[in-house]
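Hello,

Here is the structure we spoke about, passed on to you with notes on what was found in it. Please look through it before reading further.

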Amino acid sequence: MGLLISRGMARRYDAKTTSFSTEGRLMQVEYAIESVNRSTPTLGILTKEGVILAAKKLVLSKLLAQEKMSEKMYLIDDHIICSVCGMSSDALVLVEKGREECQNYFYTFKEPIPVERLVELLSNTIHIPTQYGSSRPFGTSILFAGYDSHSKFQLYCADPSGNYASWKAHVLGINNANGISFLKEEYKDDMSLEEGLKLTLKTMCKTLDATHPKPEDFEIVVVKKDLTGGVQIVPLADKVVQDLIDKSGLVVPEKQQPHTFN
Amino acid sequence: MGILGNKMSDQYNGAALVGMCGKECVAIACDTRLGVQLRTIDTNFNKVFKVNDRTMIGLTGLATDIQTVSAKLHKEEKVYRLEEGETLTASMFANFVSHFLYKQRFAPYIVTPIVAGLDYDSITKEWKPVMAGYDLIGCMDQNNTFAVGGTCSELLYGACESFYKEGMGPDEIFEVISQALLTSMDRDILSGWGANVYILTPTQLITKKLLTRVDQQLFQYSNLLSVKKKKKKKKK
């Protein structure tokens, strides 16, 4: 993991996004991905009953006035929600474009946009500054969770290179390697939503090395179907998260270690 | 004389629309005829659309513009809701409609919208009715009584002036608006063939269908398709 920068040679080719290095790499894009890897973690898990997105709440300062809207989770349409990792200003550009595109699609076809189509549209936007000059790549990866009638529940990740992939479970941000290796072992294809939520919390704690998880630290959003068969995107209330923490048996180790987050 | 003739565009499809303000409620009613000049094509063409829980919009004029404008306004409302995290208030939406129509000042949508909604006033803790009528390029006429639109608008003005009174409740407003619409609509050949009445209160949206005169010239495509041809057996 991490970026191997061979001293000297690669550095000469990393100033512009439109130049390949001698090793055939786009350094600016790789630096953008590195920027994402240093950001507050977010993760997504796909179950057969729904998709779960979780993010650590970023608390920069006590003096910040409480925001009514989230800094990491953004609703794109009634059936698609995304979680952002990286520079939030870059992400907002994409989120706004995503919202417009969803409504344009609905206006034309009178049907909600298929999730993959939206992800592809935004990935194309992300790709543009990696190939055309004078701008830097987007410094965000985005996890999309949604439901459509074609492919049911889906989880996608779009990264700064303009690639996107469909995932069963994915972690972004600091310590994502811990989270991903944990998920590789614990993830099962036929999990229920409840099991998925417990797994989400465990993975989150693994990624954050958190010993005392509290509901105020996380944001968890679930995409599921409601009783009438329509799509529901539900942010979990603190009480529900506390309940999950109690049920998932997250063990508190003996020594309490101080931890700081970026 | 056709669809693009400016003078005849709003008389091409035919419509009737009326909105009334009551005490903490609003009502909006439309006919359900869609015609091509004197021929009736559809008898279930609704012209009132729900924007959100507190606002309704009704449109008359050229039917294709009714469909496009309502779709575009829905889209704008949805984007606003996602971006701001809260629903548009009725008066904001009413102002937005005016702006939206004026953007097309020199190639206007041939529509006459009426916005009917309820605004919550947190100071007096009351729901105030919002009723706005417009011309096709967005001149907003906001008052606390009624608004009319459509091919029989002159008749509607007369009926509303006579029947309307201030401070009606949901039940009374339903009676009044239905009478006003029916009396005007029945005299107009281009509108009629059924009516929908919507009463918006702070807690619910009541939808009612009225039985009206159904005797304009009719050309039902659906009926033609369902008629089965009887095959005559050839006698050998």
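In this predicted model, the side chains of D77(A) and K78(B) meet in a salt bridge, 2.9 Å from N to O (a side-chain nitrogen of Lys or Arg within 4 Å of a carboxyl oxygen of Asp or Glu). Between chain A and chain B the count is 4 salt bridges. Strand 3 (73–77) and helix 2 (88–109) of chain A each supply at least two residues of the side that touches chain B, and the largest share, 6 residues, comes from helix 2 of chain A. Helices (H or I, at least four residues) and strands (E, at least two) are DSSP runs, numbered from the N terminus.

The contact (heavy atoms within 4.5 Å) takes 13 residues from chain A and 12 residues from chain B.

On numbering and method: residues are numbered from 1 along each chain as its sequence is written, and chains are lettered from A and ligands numbered from 1 in the order in which they are written. Local features need pLDDT of at least 70, side-chain atom pairs count only at pLDDT 80 or more, and totals for chains, interfaces and linings use all residues, while side-chain values use heavy atoms, with hydrogens and water left out.

Regards
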